[in-house]
Amino acid sequence: MNRFIIALVVVLLLAAGGYYFVSQNGTPTAPEDGPSPAAYLDMAENALATQGVILLAHADFEKARAAGQGFLEHIDSLSFPQDMEKENSFLSALKEQGINLKEQVDQAVAGFLVTENGNRYALMLRGNFNPAAVKNAFSQAFLIVNHGEEGGDVIFIYKNMKTCGLTPPLQMHVTGKQIIITTPDMMPQLLARLQNAVPAEIDLSAWRSFRKTHFFSIGFMRPRETVSVIPHDGLRDIVRSNLDATVQTVFAGLAPDPNAVGTTAIFETDIHATSAEWARKALDRINLGRTAFRAMIAGKLPTAAELEQNFQASQQENILKLSVPLHAAKMNETKDALHDVGNVVLSKGDAVNAVIDKFLKQREDTVPKRELPQFSENYTRDNLPAFSPANVFIKADAAAGPFGIAVEKAALITQHGRTITELTLKVHSESLKNIPADNLNIDDDASAVATVQISGVYDRMGEDLLAAEDCGTDSNNRETPLAVHSRLEFDNGTSSTHTYLEGRKTLRLIPEAALQDIAKITGRVTLQLPQNIKSVRYAAPLDQQEVKTDNARLYFRDNDEHRLKYTVEGRKNHILAVHALNEQGYVLRNRSSLVSSSAFKNQRNVSRDIQGRIAGAEIIYTDETQPQEFPFEINSFFNHFDADKDDRKAMLMQPENPANFPKYAQLYNNFAEFCGTKTKAIPLPPLQLCLKELKYHGRKRGIETKYSLAAPASPALMGNLTGIEFVIGRYRTPQGSVELLDHQFLTTELVQAGEGLPPYLSAPSISFMTSDPIGGLERQKITGIIGKLVVHMPLKMNRASIRAMNLGGRIEAYDKSIAATITSVSQDRISFLIEGDTSRLVHLVPITAAKKILPLKNVLYHYEDGKTRVTLEPIGGIPEYMELIYATEKQMLQFPFDVRF
């Protein structure tokens, strides 16, 4: 039953998606003779119904209009999120050209096909159109590649305003009676099949019988293939497991309710199987499952219970027929109910856990007043705290009112085939009052509590280096919302909640601009400061109680005694806090919260599990907010490297003298007992390898290898970034040895042994991981390891340098054997891409303007796509130069081992 419900929900979503596709891609306005709408529909379906068709969708706008506008208008009001027309140039262009899809389209049919050239789709509309107006709308909204041979054709591409990517070319064919949109290679075939009235290549009789009685219909002609378009792996597998080879076709659609015309539609699904026996067994499973389902939702989900009561399942020979009424006035409640049902169905808790959970909910836990968000009626701009340089959450380069702003990172990225500089700015505020306790402005910039916007990035001549961008979710000119956060702070044993704002903004420079060209960054933070703080309390039951202002609305839904559920519409930053209350009026603590955004309306649905029984609720809100602007200017950055508090020593690299090799072997006895009792000691004089741990973490993460190492106190090894390499060749198992590719690691943490100990170097605890993509070690016992330690001993060294903040700067060896490119710079790190013979790398040395060599707090290695990256964390000063030390002559020593456990 569980899986069947999920499959049914998926079909419902796909049906809604089919309508969304049909309703948004049309284009209508003018008359001419031609086949009737019904005749055109049959011809269009025949044209699409080749052997490769796996999906058909149909929208009967004539039937929808004739049945009454109530349900259609409500659906339409849910179709486009608020302000979508402002951001969608196609919708704006249609409106500007006087094109009204609902009124001008009679029939719409769409198809998804699998062809030799790949997946293809087509949309065909029949109605009354003005070809010139349609073409004008397309010209305004899209990039016209060229006009087709016929006057009514255009080939166009569309820029995705979020990703900035361009779609593959599409072709639009328009006459006074029809619009066809498909790929250019499909258009001739479709037109020929349509004009020649070519019959369908598959049997459409069952599909046509179904869609004739529905407003909107979608037909899965080859269901198991259609399921492959579902993006979520788990959901796709569940649906596929319920659509075995017995299921031939699945039709779903919305039909008018004859008993409630205009206000209710019936969502119906017909599942056609190869045998009546399958349909009978499926019906039996549904009826058995309904009893268990009723028990699961009894008293918990009223709307879901109502849906279940109205849900009909029947068998008609080899067809399983399902239906449920959808009320226009209850679309939001229905969507919430499906969401709640999904949570119940997917829950893995058993009966014992349910009893324990109920017991835990009943144990009341109230929130002390000092830990509640702070609200004040007289909180104006003058009351806002000034940003403190001592703020530990940001190393600020500028301050503006309560906000600190910092250039957090600069990196090289590739955009449209070009390498450019991208900056990441961070904004963090002091603790603020009157900030909404729930962060509900997801994907809704209009409800942002605060935003940051950059006005310019200038060089020393005043030229703006900021790239012009017209797309992207965080384009340069876009105001980026800051998120609401809170933290619990303790002072002398007393806790209190502090609410603050934080966010990041990325900026991209023009291609020819470099990081060192930046002289000034300007921008502003805008805070929407609430005015006229109000509060209201309601006693349970809370259902349908609401708070409504000119700009926002909050209403409670079907709550139970331990769950608070409500919806917020409009300017969500006007709702400052919602508290669940006990009988004494104290605020109850949250156990967990879930915030979801509506796919159709600009609203947020909140569901909160409460620790204790809910006797009422308090809503704190504001009628209005006043924007407060805080301009800022950054004149310098990347000067926040940590101080050297531990008096660390900088690495002074020296080459090795081969004459010292014999005496190193004599030193081995000084650290032969280095490993201790809980590790596997592997003596490799003059080295000592200690294997501490081998753990398998699955195919993706693979084997975690943890080891330690002791080595002679060679001046060429101490601090050497590539001095010793640990290589595992094969793992022994009872079934034979297994090889993992690239299972090697450079030991970079060789440091001087402690005081009072013989002179040697050690790496006390190192771990690295190698993936096992083919599962060679899955469920295998490791019985031994074959590998080696490789020592890269530099005998002669050379140096090359570059300025530390020269992003993209390349430090190259004189003989071209090795190079290091600066790929990113942050407030306390510098990262490099190492190319060439990485075994020649000895060290990367940060040096100040006063020629002081800086010690390193940390060195990080990262291997990705066969590339070696090194990140340094200098301390004790600001790097002005980076020096590459590399070996011009070296000796490689190998110490193989074969250990059995």
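Contact here means heavy atoms within 4.5 Å. The model is predicted, so local features need pLDDT of at least 70 and side-chain atom pairs count only at pLDDT 80 or more, while totals for chains, interfaces and linings use all residues. Residues are numbered from 1 along each chain as its sequence is written, and side-chain values use heavy atoms, with hydrogens and water left out.

**View 1. Who sits around Leu501.** Skip the neighbours within four places in sequence, and Leu501 is in contact with residues including Phe403, Val427, His428, Leu482 and Leu527. Leu501 also belongs to the largest nonpolar core, which has 63 residues. Such a core is a set of buried Ala, Val, Leu, Ile, Met, Phe, Trp, Tyr and Cys residues joined through side-chain atoms within 4.5 Å; buried means under 20% relative accessible area (1.4 Å probe, protein chains only). Leu501, Ile521, Leu527, Phe832 and Leu844 touch the most other members.

**View 2. A second, separate core.** This one has 52 residues, among them Ala64, Phe220, Ala273 and Leu283.

**View 3. An open sheet of five strands.** The order is E21-E22-E23-E26-E25, with antiparallel pairing. Strands are DSSP runs (E, at least two residues), numbered from the N terminus, and two of them pair if DSSP finds at least two bridges between them. E21 (546–548) and E25 (590–597) are the edge strands with a single partner each, so one side of each has no neighbour in the sheet.

**View 4. Where E21 meets E22.** E21 pairs with E22 (residues 552–556) in the antiparallel sense, over three bridges. Look for Lys548: its bridge partner in E22 is Arg553.

Note on methods: Buried < 20%, exposed > 50% of the residue type's maximum accessible area, 1.4 Å probe, protein only. Helix = DSSP H or I, 4+ residues; strand = E, 2+ residues; numbered from the N terminus.
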